[in-house]
Amino acid sequence: MRKAENDRNRCVACGLCALRCPREAIEIRKGCYAFVDITKCVGCGLCEDACPTGSIKVKEYEVARV
Amino acid sequence: MKKGRKKHWYEYLWIWTIVYFALGFFNILFAWLGMIDFILPLIFAIVGGNKWFCNHMCGRGQLFWVLGRNMKCSRRKPSPKWIASKWFRYGFLAFFLTMFGTMVFQTYLVFSGAGTLRKAIKLFWTFKVPWQWAYNGSVFPDWVAQFGFGFYSLMLTSTLIGLIVMALYKERTWCSFCPMGTMTQGICKLKAGKTKPEA
């Protein structure tokens, strides 16, 4: 499963990822960094494509089977 | 940017950036309007503790997107890592503020009568470009125009730097080290530090 993950130390909180996200899964938290709601994220990669710093990346996640 | 939804008025603010530079070409006093772009983000950060200005209203960032993405003027390559590093961001902010201070001091010299009005703009803090057509006297004292020339130089230089990094790297690479962005994020972090943002 593909999900976006953000490096908060590198993020400049420009908000471009949040603007691009088609699922409104990203919000800028208190002007500090972009927060990705992985329950909404569909891993489309539009945020990664726009991010000027390369802090937000789409990564492959293993889904735990119960 | 998302298709199929109504656009807000502030998504067209990239037009304002073009209008701003056009106005300053004809009359340098219009350069003062750029102070809006300085003061508004600070108000958002200090009062609201957010970067709403950067996120939604920055005409410059929008212009880089329109030129870089819509008009395909950007290589869209990832920028070097150091551009978004803390030392570079805060270093550039310090440099920018020093230059801003120098510009204010020059305005003060004209105000106090120790300096004379220079009808030129300085690009990249180095190259002097004659700009005398943009000012032929006004009801305001000379220092008002001097600040205009200085401020317009600052705005034009930073936009040119932004355009260069837009062409070379991602569209809005300027945002990674924009002094206003660094400053407002710093303020927001200080504010959030008191009330820790949840993980």
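The model is predicted. Over all chains, the structure holds 32 aromatic pairs.

**Exercise 1. Classify the aromatic pair of W9(B) and Y10(B), and state whether each residue is buried or exposed.**

Step 1. The ring centres of W9(B) and Y10(B) are 5.5 Å apart, and the angle between the planes is 80°.
Step 2. Planes over 60 degrees apart count as edge-to-face, so the pair of W9(B) and Y10(B) is edge-to-face.
Step 3. W9(B) has a relative accessible area of 60% and is therefore exposed, since the cut-off is over 50%.
Step 4. Y10(B) has a relative accessible area of 11% and is therefore buried, since the cut-off is under 20%.

**Exercise 2. Describe the aromatic pair of F25(B) and W131(B), and say which parts of the chain it links.**

Step 1. This pair is edge-to-face, with 5.5 Å centre to centre and 85° between the planes.
Step 2. F25(B) lies in helix α1 of chain B, while W131(B) sits in the loop between β2 (127-130) and α6 of chain B.
Step 3. The two residues are 106 residues apart, and the pair links distant parts of the chain.
Step 4. F25(B) counts as partly exposed at 36% relative accessibility, whereas W131(B), at 8%, counts as buried.

**Exercise 3. Characterise the packing of α1(B) against α6(B).**

Step 1. Helix α1(B) spans residues 14-26 and helix α6(B) residues 142-168; their axes come within 11 Å and cross at roughly 140°.
Step 2. The crossing of α1(B) past α6(B) is left-handed.
Step 3. On the α1(B) side, Y20(B), F21(B), G24(B) and F25(B) make the contact; on the α6(B) side, F151(B), Y152(B), M155(B), L156(B) and T159(B) do.
Step 4. The contact residues comprise 7 nonpolar, 2 polar and no charged.
Step 5. F151(B) also belongs to a cluster linked by ring pairs, together with W32(B), F38(B), F100(B), F105(B), Y108(B), F111(B), W143(B) and F147(B).

**Exercise 4. Determine how α1(B) and α4(B) are oriented, and which residues make their contact.**

Step 1. The axes of α1(B) and α4(B) (residues 59-70) are 7 Å apart, at an angle of about 105°.
Step 2. Angles of 65 to 115 degrees count as roughly perpendicular, and α1(B) and α4(B) are therefore roughly perpendicular to each other.
Step 3. W14(B), T17(B) and I18(B) of α1(B) meet G59(B), R60(B), Q62(B), L63(B) and V66(B) of α4(B).
Step 4. This contact divides into 4 nonpolar, 3 polar and 1 charged residues.

**Exercise 5. How many residues of α4(B) are buried, and what do they pack against?**

Step 1. Of the 12 residues of α4(B), 10 are buried, and the helix is mostly covered.
Step 2. Among the buried residues are R60(B), F64(B), W65(B) and R69(B).
Step 3. From chain A, α1 (16-20) and α2 (46-50) pack against the buried residues of α4(B).
Step 4. From chain B, the partners are α1, α3 (52-57), α6 and α7 (174-177).
Step 5. Just after α4(B), K72(B) takes a positive phi of about 55°.

Key:
Residues are numbered from 1 along each chain as its sequence is written. Chains are lettered from A and ligands numbered from 1 in the order in which they are written. This is a predicted model: local features need pLDDT of at least 70, side-chain atom pairs count only at pLDDT 80 or more; totals for chains, interfaces and linings use all residues. Side-chain values use heavy atoms; hydrogens and water are left out. Axes are lines fitted to C-alpha atoms, for helices over the stretch in contact, and angles run from 0 to 180 degrees between N-to-C directions. Helices (H or I, at least four residues) and strands (E, at least two) are DSSP runs, numbered from the N terminus. A crossing is left-handed if the near helix is turned anticlockwise from the far one by less than a right angle, and right-handed if clockwise. Contact means heavy atoms within 4.5 Å. Ala, Val, Leu, Ile, Met, Phe, Trp, Tyr, Cys and Pro count as nonpolar, Asp, Glu, Lys and Arg as charged, and the others, Gly among them, as polar. Rings of Phe, Tyr and Trp (its six-membered ring) pair if their centres lie within 6.5 Å; planes under 30 degrees apart count as stacked, over 60 as edge-to-face and the rest as tilted. Buried means under 20% relative accessible area, exposed over 50%, partly exposed in between (1.4 Å probe, protein chains only). Angles under 35 degrees count as roughly parallel, over 145 as roughly antiparallel, 65 to 115 as roughly perpendicular and the rest as oblique.
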